[in-house]
Amino acid sequence: VVSTQSTGWNFDGSSTLQSLGDYSDIYIKPEACFKDPFRRGDNILVMCETLDDEGNPHPTNRRRRCAENMEKVKEEYPWFGIEQEYTMIDYTGRLPYGWPANGYPGPQGPNYCGVGADKV
């Protein structure tokens, strides 16, 4: 069982480009645990804060600022969505679908988002 009261764990931040070789410890502190919807069963996901060696939010820690802002508007009901982006490649495996073989397509306008073969 993981407790959000845990003092946390640490890892070598130089391995993730979050610190230099000296004083490379990055600390993670559990903030919330959720049942893992992907692996299911007894698996969990642990959401953590990333902290520097003095216990301050690490510059890559976006969670802390988000949590502070969400606390300010806790009476509201925010909506979150996931944006998916992908590129379809033509049968040659070299060019995005619909691109001319010897050049570039026109402006992205009609090619940016679309539903239907004539819109992508």
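Glutamate 71 is partly exposed, with a relative accessible area of 47%. On the scale used here, buried means under 20% relative accessible area, exposed means over 50%, and partly exposed lies in between (1.4 Å probe, protein chains only). The structure is a predicted model, in which local features need pLDDT of at least 70 and side-chain atom pairs count only at pLDDT 80 or more, while totals for chains, interfaces and linings use all residues. Residues are numbered from 1 along each chain as its sequence is written, and side-chain values use heavy atoms, with hydrogens and water left out.

Which residue does glutamate 71 meet in a salt bridge? Its partner is lysine 74, with N and O 2.8 Å apart. A salt bridge here is a side-chain nitrogen of Lys or Arg within 4 Å of a carboxyl oxygen of Asp or Glu. Side chains of opposite charge can pair when their charged atoms come close. Lysine 74 counts as exposed, at 53% relative accessibility.

The structure holds 5 salt bridges. Here are three of them, with the distance from N to O:

| Acidic residue | Basic residue | Distance |
| Aspartate 36 | Arginine 39 | 2.8 Å |
| Glutamate 49 | Arginine 64 | 3.2 Å |
| Glutamate 71 | Lysine 74 | 2.8 Å |

Is aspartate 36 buried or exposed? Aspartate 36 is buried, at 4% relative accessible area, whereas its partner in the salt bridge, arginine 39, is exposed at 54%.

**Glutamate 49 and its partners**

Now take a look at glutamate 49, which forms a salt bridge with arginine 64. This pair links distant parts of the chain: glutamate 49 sits in strand E3 (residues 44-51) and arginine 64 in helix H1 (residues 63-72), 15 residues apart. Helices (H or I, at least four residues) and strands (E, at least two) are DSSP runs, numbered from the N terminus. Glutamate 49 is buried, with a relative accessible area of 3%, and arginine 64 is partly exposed at 27%. The two side chains also make a polar contact at 3.2 Å. That term stands for a pair of N or O atoms within 3.5 Å; within protein, one must be able to donate a hydrogen and the other to accept it, and residues adjacent in sequence count only if both atoms are side-chain atoms.

**A patch of negative charge**

Which residues gather in a patch of negative charge on the surface? They are Asp12, Asp25, Asp53 and Glu54. Patches are made of residues with over 30% relative accessible area and no salt bridge, with like charges joined within 9 Å and nonpolar side chains (Val, Leu, Ile, Met, Phe, Trp, Tyr) within 5 Å.

**Two positive phi angles**

Finally, follow the backbone into two loops. Leucine 17 is found in the loop between strand E1 (9-12) and E2. Phi of leucine 17 is near 60 degrees, a positive value in a residue other than glycine. Leucine 17 counts as exposed, with 81% relative accessibility.

Arginine 40 is located in the loop between E2 and E3. Although arginine 40 is not a glycine, its phi is positive, at about 55 degrees. Arginine 40 is exposed as well, with a relative accessible area of 58%.

Terms used
Accessible areas come from the Shrake-Rupley method with a 1.4 Å probe; for residues, only the protein chains shown count as cover. Lys and Arg count as positive and Asp and Glu as negative; His and the chain ends are not counted. The place of a charge is taken as NZ of Lys, CZ of Arg, CG of Asp or CD of Glu.
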